[in-house]
Every structure is written in C-alpha cells, then in structure tokens.
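Below is a short report on a structure, written for a reader who has not seen it before. It goes chain by chain and then turns to a contact between chains.

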Amino acid sequence: MSMVKIAEDLARKPTPPKSDVVFDVQDVGVSYDGALAIRDVTMEIYGKQITAIIGPSGCGKSTFIRCFNRMNDLIPGAKVHGKILYHGEDLYDPDVDSVEVRKRIGMVFQKPNPFPKSIYDNVAFGPRVLGWKENVDERVERALRQAALWDEVKDRLKKNALGLSGGQQQRLCIARALATEPEVILMDEPASALDPIATTRIEDLMHDLKREYTILIVTHNMQQAARVADRTAFFSVDLGPEGQRTGILVEYDDTTKIFTQPSDKRTEDYVTGRFG
Amino acid sequence: MSTHAESLTALGLRSHRRRYGEAVVKVLLGICALISVLTTVGIVAALFIPAFEFFQDVSILDFLTGTEWAPLFEPAFFGVVPLVVGTLSVTFWAVLVAIPLGLGGAIYLSEYASSRMRRLLKPLLELLAGIPTIVFGYFALTFFTPLLRDIGIEVDVFNALSAGLVMGVMIIPTVASLSEDAMAAVPRDLRDGAFALGSSRMQVATRIVVPAATSGIVAAFVLGISRAVGETMIALVAGGLQPNLTFDPRQAIETMAAFIAATGNGDVPTGSLEYKTIFAVGATLFVMTFALNVVAIRLVQRFREEYE
Amino acid sequence: MKRRRRDVKGAVFQALLLLSLVVAFVTLATLLVDVVRKGAGHLTKRLITDVPSIDPTIAGARPAILATIYLGVLLLLFTVPIGVGTAIYLEEYADRKRWYNRLLELNIQNLAAVPSIVYGILGLAFLVRGLGLGRVLVAGALILTLLVLPTVIIAAREAIRAVPDSIRQAAYALGATQWQVISRQVLPASIPGIATGAILALSRGLGETAPLIMIGAVTYVAFDPSLMSLFTALPIQIYQWVRLPQAEFRELAAAAIIVLLGIVFTLNAAAIWLRNRYQRTW
C-alpha cells in the first residue's frame with residue numbers, strides 16, 4: 001500500500017462541501033439468527049457526495065451497505081436493529097414498502113451480474129417493472145450514456161449482455177441501476193472483479209455521477225477510497241469475549257482527514273498498512 | 001400519526017396500492033404444492049379404508065400368515081404369503097443383476113470413463129431407462145424365457161427367473177445413475193490424496209471412493225429394490241398369475257402388483273370382498289415400498305449432510 | 001514384477017466394470033433387434049389406420065395410438081403448471097425451517113418412488129368409482145399426471161435452483177417484486193431445464209401400463225376416443241395382444257412396440273438435445 005500514492009490523490013481533493021443529510025443512521029446493528037454481524041453504527045450520509053466504507057474483510061461492510069436498500073430482508077434470519085432515516089423517514093418503519101425503497105436506492109454488486117438477456121432488456125428491466133411503458137428507448141439510451149457505455153454497445157443492443165467484457169458488464173449494471181432514476185446508488189466493491197483499466201473507467205464514471213447522485217461505496221482498496229470518496233468510514237472487527245466477531249464503525253470523517261490525520265489508532269494502523 | 005403517514009406518502013416509500021397480486025400468486029403456488037400432499041392423503045385413504053373393511057371380514061393374522069391365496073375360489077383363502085414370496089423371488093433375481101452391474105457401471109462412469117466415453121454411455125443408459133416396462137415384459141416372455149430353455153434351463157412358460165433377470169436389467173440405470181451421483185459428490189482431494197500416496201486407480205475406487213459414498217450407494221440399492229418390489233408389468237406378463245408358494249425360480253408365481261393389476265381390470269363389483277382384496281394387497285405393497293423409500297431418503301439425506 | 005501383477009489386476013477390474021455396462025447395452029440391443037425382427041412385418045399402414053380385431057391380419061391400433069396422443073397432450077397441460085408451480089413454491093417461497101415444508105419435500109421424494117400400480121388403485125378408488133368419472137380418458141390422464149408430477153417437480157426445482165442468486169438480487173435491487181423477479185428472470189432462465197424434465201416425464205407417462213389397467217383401459221375400443229369416452233392406450237393395446245396365444249398377435253404386439261418406442265425415443269432424444277443445446281454454465 002503506497003502512502004505516497006494516496007497522498008498524491010488526496011492533494012487534488014477539495015474539502016467536501018456541506019450538503020443535505022440523505023441518510024441518518026442511528027445505532028444500527030444487523031444480526032443473523034441472533035448473532036450480531038455489526039452493531040452500534042451511527043453516522044450521517046450526505047447528498048451528491050461519494051461516501052466510502054473501508055475496513056478489513058469480515059468487518060460487515062457489505063452487510064452494512066445492504067441495510068440501505070433493505071436487501072438484508074431477503075436473507076432468512078437476518079434482522080436489522082436501530083434506525084436508518086432516509087430524508088427523515090425510517091426505512092424500517094412497518095409502513096414502508098421495501099420494493100418502493102429499492103426503486104429509489106439502486107445497487108451495483110461486487111461481481112457484474114447482468115441478466116442473461118440482451119443489453120437493451122437489461123437496462124429496460126427496471127423501467128418495465130416500474131410500469132413506465134413510454135419512452136423506454138430514450139430511457140435506455142440515457143442510462144447507457146450516463147454509464148459511458150452507449151458508444152460501445154449502441155450497435156448491438158439486441159445482443160446478449162453476457163458477451164460483454166467484465167468491465168462493460170459492470171458499467172451495464174450501473175446503467176441498469178440508473179434507468180430507474182434512483183437518488184442513491186449503493187456500490188458493493190464494484191471494481192473488485194475488474195482489471196485496472198476497467199477499474200479506472202468505473203472510478204471516472206463515479207466522479208461524473210456524483211453531480212446527480214448520492215453514492216455509497218464499499219471497497220477493500222484504500223487507494224480507491226482515497227481517489228473517489230469525499231468522506232470515508234472505517235469499520236473494524238471487534239472480538240467479543242467468546243471470540244464472536246462483530247463489525248463496528250471506528251471513525252468517519254472527510255477522506256483527507258481519515259488518511260492523513262486519523263484520530264483513532266486503529267484507523268491509523270489500517271491506513272498505513274500495519275493491519276489488515 | 002397522520003402526519004407520519006402523510007410524510008411517508010410524500011416520499012412515496014409506502015406502497016401506493018396493496019400488492020394483492022403477489023399474495024394471490026403465493027396462494028396459487030401453495031395450492032399446486034398442496035396437490036402432492038393430497039395425492040399422498042388420497043393414496044393412504046384409497047388403500048387403507050377398504051383394507052380396513054377387508055380386515056373386518058378376514059382376520060389380519062390369517063392374511064399375513066396364510067400360505068394359500070385363492071380369493072376368487074369357493075371356499076376362498078386369503079393368505080398373502082404366496083404373493084409376498086412371489087414378489088421377493090422376482091425381486092431377488094432382479095437385484096442379483098441390478099446391484100452388481102449397476103454399481104460396476106457407476107464405478108466405471110465415475111472413476112474410469114473419459115468424458116467422451118461418458119457422453120456416449122450416459123445417453124445409452126437413459127435410453128435403457130426410458131423403455132416402457134410393458135416392452136421388457138414382452139421381451140422376457142417372448143425372447144428371454146425361450147432363450148433360457150434353449151440353454152437347458154427348464155423353466156415354465158411363466159416363471160420368476162426370466163421376469164426377475166429382465167427386471168434386473170431394467171433397474172440397472174436407476175442403481176447406476178444414483179450410485180454415480182453419490183460417487184461424484186466425493187470430494188476431489190480425497191482421491192488426490194490417495195493418488196499422491198501411490199495408490200492405483202482400482203485402490204482409489206474400491207478403498208476410497210466407494211467407502212466414502214457408501215450411504216449414497218446403499219440408498220441407490222434400496223431404491224432399486226423398491227422398484228423391483230413394486231414393478232407390475234414384467235411380473236404380470238412374464239412371471240405369471242399362479243400364487244405358488246415356492247422359491248423355485250423356474251416355476252410360475254404371482255407377485256402382489258401382478259395380482260392387483262390382474263384383478264383390478266376385471267369387473268369386480270365395488271364393495272365385494274374380492275374388490276377389497278385389491279386394497280388389502282395394495283396396502284401391503286405400499287407399506288413395503290414406503291419402508292424402503294424412507295430408508296433410501298434417510299440415507300441420501302445423511303450422505304448430503306456429509307458432503308454438501 | 002510386483003508392479004506388473006498389480007496392473008493386470010487393475011486391468012481386469014476395469015474390464016469387469018465396463019462389462020457391467022456392456023451387459024446392459026447388449027440386452028438393450030437384443031431387445032431392439034428382436035422387436036424389429038418380429039414386428040417389422042406388421043408395421044403397415046393398417047396398424048395406424050385400423051381398429052383392433054379378433055382377426056390379426058386386419059387388426060390395427062388406431063384408437064390406442066390416438067388415445068396415447070390425447071393422453072400426452074393432457075399430461076403436459078396438467079403436469080407443467082402444477083409441477084412448475086410446486087417447484088417455484090418450494091424453491092422461492094417455502095421457509096425450510098417450517099416443518100410442513102420439510103414434510104412436503106419428503107412427501108414428494110416418497111411419491112416419486114411409489115409403485116405405479118398404487119397410483120392405479122388411487123385412480124380406481126377415487127376417479128373411476130369415487131368421483132364417478134368412469135373408465136374415461138380424462139381419468140387416465142389425471143392419474144398419469146399424479147404419477148409423473150414428482151418427476152416434473154424435481155426437474156423444475158433443479159432448473160430453478162441452477163439460476164444464480166445474483167440474478168435474483170439484481171432484479172430485487174431494481175425494485176422488482178418477488179413475483180416479478182420470478183416470472184421475468186428466474187423462470188425464463190430455467191425454461192430449458194424445465195422443458196427437458198417435462199419431456200422426460202411425458203415419455204415416462206406415455207409408456208405406463210399398470211395404472212391404466214386399473215383405470216379400466218383394458219377393453220375393446222373400436223372407435224376414435226374422446227376425452228370422456230372409454231379408451232385404450234398404446235401400452236395397453238400391446239399388453240392385450242401379448243396376452244393372446246396366437247403368434248400373429250405377438251408379432252402385432254411387436255409392431256405396436258416399435259411405434260411406442262418410436263414415440264418414447266423421439267421424446268428422449270428431444271430432451272437430451274435440449275439439455276445439451278441450452279446447458280448454461282454460469
């Protein structure tokens with residue numbers, strides 16, 4: 001892990017402007033069949049910024065990001081405690097419909113997972129399930145342009161998406177998420193399965209997207225967090241008395257601060273490569 | 001409370017309409033699943049209610065221990081032992097063929113065959129498995145029984161031996177494919193470990209793979225036995241309809257399934273004692289195969305827990 | 001020396017294993033050759049166009065062949081929706097922790113191994129006599145449906161399970177409801193596997209004899225069957241001819257077997273082709 005490289009990235013980064021709170025996370029914990037995977041997470045996530053979540057493997061990063069669009073609902077035995085306020089409304093209120101939540105809060109996964117259908121059908125899936133029957137062509141084109149994929153695929157929209165390269169597939173998945181016009185995009189290690197060039201393209205894309213979208217990204221790659229994120233949250237593993245591993249939020253601050261003057265020793269050890 | 005609800009509506013996080021469609025679909029799918037349950041309930045009711053009535057007229061002890069079966073004669077005898085013996089006799093010969101050949105084929109396919117060989121052999125096994133049982137019955141009666149006579153085995157026109165041996169060939173694919181599945185589930189590194197110690201292919205197959213897959217292989221055997229016990233057409237066409245109490249495979253016998261088919265197709269009046277014998281024998285057959293199936297399902301479960 | 005001896009033993013062992021399969025395939029080949037040799041002479045147009053008769057020289061199997069085709073169509077119409085519906089319920093909705101769902105699974109595994117004659121008893125007791133449907137073609141189709149349903153369910157479950165979870169997650173994350181995820185992503189992706197299983201089940205159902213005997217299909221039918229008429233299917237026609245002592249009827253049976261095997265093998269070949277053509281590795 002090159003600290004010099006990270007410092008260069010940070011030098012170019014302006015201090016993030018204060019903006020609206022999109023998510024207010026209050027004492028959130030997740031348990032699987034009673035065993036706590038993460039606990040006591042409290043943080044605010046701001047609009048039109050990129051917020052990165054970093055930390056060693058097993059610290060519950062992915063579990064945490066899946067709380068925001070209620071994907072944990074799909075795992076039998078998983079239970080989310082605490083509150084996540086989205087524009088002031090608790091996502092876990094019994095009146096809230098998880099399907100409506102996911103329409104507004106999109107997600108991109110670790111491994112590109114296009115549907116085994118045409119490129120067009122992949123992007124059109126979201127609008128179709130939402131019942132947007134008009135202007136589907138325009139929506140598809142707009143989403144593909146936003147994901148910087150249009151020029152590469154415009155002549156083969158009817159071809160199977162599985163024929164694309166890994167990097168193209170992941171940008172297709174981003175386009176697919178954008179087509180439902182969400183406000184927030186969750187990205188769970190979106191570049192971890194990609195080569196460096198494809199990774200760079202995804203990162204450039206994130207920079208463009210943050211003008212319109214709020215982005216939350218989980219990454220195990222600290223340089224990536226330093227390059228793209230305005231704010232960074234560092235998670236770690238807390239070992240319980242009987243060896244149970246629970247993820248906790250150690251420190252959350254402007255990315256520059258996290259990487260240059262962390263206030264917690266554990267953060268410092270991690271970002272300087274002494275741990276994890 | 002109303003302001004809370006309103007703000008949810010403003011954000012649109014609350015569903016605009018209740019998703020009745022989703023609930024309806026779930027109920028419809030549940031009904032589909034229920035049909036399987038009703039089938040079992042129906043089978044149990046169809047067999048055991050008339051069987052229970054039957055046992056009001058015929059003592060269950062006489063039924064289970066009686067050595068003479070002559071339900072349609074006067075005086076009638078309702079001893080099921082000859083039918084059970086006939087069934088077991090045919091099953092014995094079938095199993096004698098199906099278990100060694102099925103297991104041998106499975107070991108070959110799993111441990112020896114190249115992928116090209118497998119692509120050739122497996123569809124052939126499926127072809128064999130796809131042949132209707134009436135065709136095997138025809139083959140046993142019109143080809144195999146005369147063949148046995150030609151090579152000097154003095155069998156009757158209908159006999160347990162021919163029916164059993166042909167049934168055995170029919171069951172080979174069942175035993176082979178289930179055993180092969182079990183062996184395929186044995187982890188690669190177990191084999192690699194043994195090969196690394198200088199074991200030969202045969203040693204790996206017989207001392208590592210087969211023992212490791214034992215419960216799955218035994219399950220395949222048990223299911224094979226269950227199929228033989230319940231198989232109707234070969235026994236009906238080639239085994240005969242004479243309830244002789246004999247283990248001599250050269251003689252005609254009558255299996256439980258053959259009796260049911262032979263009696264069930266006649267115009268036996270509903271409610272008569274003869275009609276009810278169908279269900280008493282059917283219940284006996286069902287209990288035997290059910291016990292075998294439960295054992296097989298248990299073994300498969302245990303095997304899955306070990307390796308999956 | 002020692003090494004060489006062991007190789008011989010290994011070679012003999014391998015040869016014996018291969019012999020197991022050879023015995024099976026030689027029997028298969030003998031059976032096919034025997035049937036063709038005996039039946040080819042009677043494989044005439046009359047077999048397909050004429051009705052059965054006590055005179056073997058003019059007897060045909062037209063009503064039986066037609067009934068088998070009707071049974072096949074009904075079988076697909078009944079088993080595919082019910083079988084796929086059950087499979088979706090078990091794979092996508094059922095909570096494995098619930099005792100009734102585990103019982104349902106055990107129940108289906110057991111039903112798959114219940115002897116076909118027992119299904120025949122069920123048909124006799126409930127459909128023919130209980131419901132008073134009579135010895136009609138629909139009753140036969142219904143009982144064959146119950147018989148092959150476990151096969152279809154098991155095949156459909158495997159096909160549905162083979163669809164990777166990442167596909168479901170992606171669809172959910174786009175705001176799809178559970179049924180939208182299943183109907184627009186999971187089912188389309190599992191169609192080849194389901195179709196393969198359905199065709200194999202159809203092939204098995206059309207070759208079944210014993211349950212139809214119990215339904216009362218062993219009867220003289222000299223007219224084209226309809227859904228609510230008496231009927232006799234192709235395997236039953238074969239059974240009836242095999243039972244007769246005259247050699248001509250046995251040859252006629254062989255000819256009918258050729259027709260039946262033609263249907264069954266065509267279906268099996270279609271299933272194998274479908275599986276190889278659309279086998280997807282994710």
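How many helices and strands does the secondary structure of chain A come to?

## Basis

This is a predicted model, in which local features need pLDDT of at least 70 and side-chain atom pairs count only at pLDDT 80 or more, while totals for chains, interfaces and linings use all residues. Residues are numbered from 1 along each chain as its sequence is written, and chains are lettered from A and ligands numbered from 1 in the order in which they are written.

## Chain A

Chain A has eleven helices and ten strands. Helices (H or I, at least four residues) and strands (E, at least two) are DSSP runs, numbered from the N terminus. The radius of gyration of chain A, 19 Å, is close to the 19 Å that the globule rule gives for 276 residues, so chain A is as compact as a globular protein of that length. That radius is taken over C-alpha atoms, and the rule is 2.2 Å times the number of residues to the power 0.38.

Along its principal axes, the C-alpha trace of chain A spans about 55 × 45 × 35 Å. Of its 276 residues, 47% count as buried. A residue is buried if 20 or more other C-beta atoms lie within 10 Å of its own, exposed if 12 or fewer, and partly exposed in between, with C-beta atoms placed from the backbone.

## Strand S7 of chain A

Strand S7 (residues 184-188) of chain A has five of its five residues buried, so it is largely enclosed by the rest of the structure. In a regular strand the side chains alternate between the two faces of the sheet. In S7(A), one side carries A:Val184, A:Leu186 and A:Asp188, the other A:Ile185 and A:Met187, and all of these are buried.

S7(A) pairs in the parallel sense with strand S6 (residues 105-108) of chain A over four bridges, and with strand S8 (residues 214-218) of chain A over five bridges. Two strands pair if DSSP finds at least two bridges between them. A:Val184 stands opposite A:Ile105, and in S8(A) its bridge partner is A:Thr214.

S7(A), helix H8 (residues 196-209) of chain A and S8(A) make a right-handed β-α-β unit. Right-handed is said of a crossover if, with the strands pointing away from the viewer, the path from the first strand over the helix to the second runs clockwise.

## Chain C

Chain C has eleven helices and zero strands. Its C-alpha atoms fill a box of roughly 75 × 70 × 35 Å, taken along the principal axes. Buried residues make up 52% of its 282 residues.

## Chains B and C together

The contact between these chains takes 70 residues from chain C and 68 residues from chain B. Two residues are in contact if their C-beta atoms, placed from the backbone, lie within 7 Å. On the side of chain C that touches chain B, helix H1 (residues 2-39) of chain C gives the most, with 17 residues.

The largest nonpolar core has 284 residues, of which B:Val166, C:Ile121, C:Ile238 and C:Ala256 touch the most other members. Such a core is a set of buried Ala, Val, Leu, Ile, Met, Phe, Trp, Tyr and Cys residues joined through C-beta atoms within 7 Å. Not counting residues up to four places away in sequence, C:Ile121 touches residues including B:Ala46, B:Leu47, B:Ile260 and C:Met214.

## A residue of chain B

B:Tyr20 is found in helix H2 (residues 20-57) of chain B. B:Tyr20 is exposed, with 8 other C-beta atoms within 10 Å.
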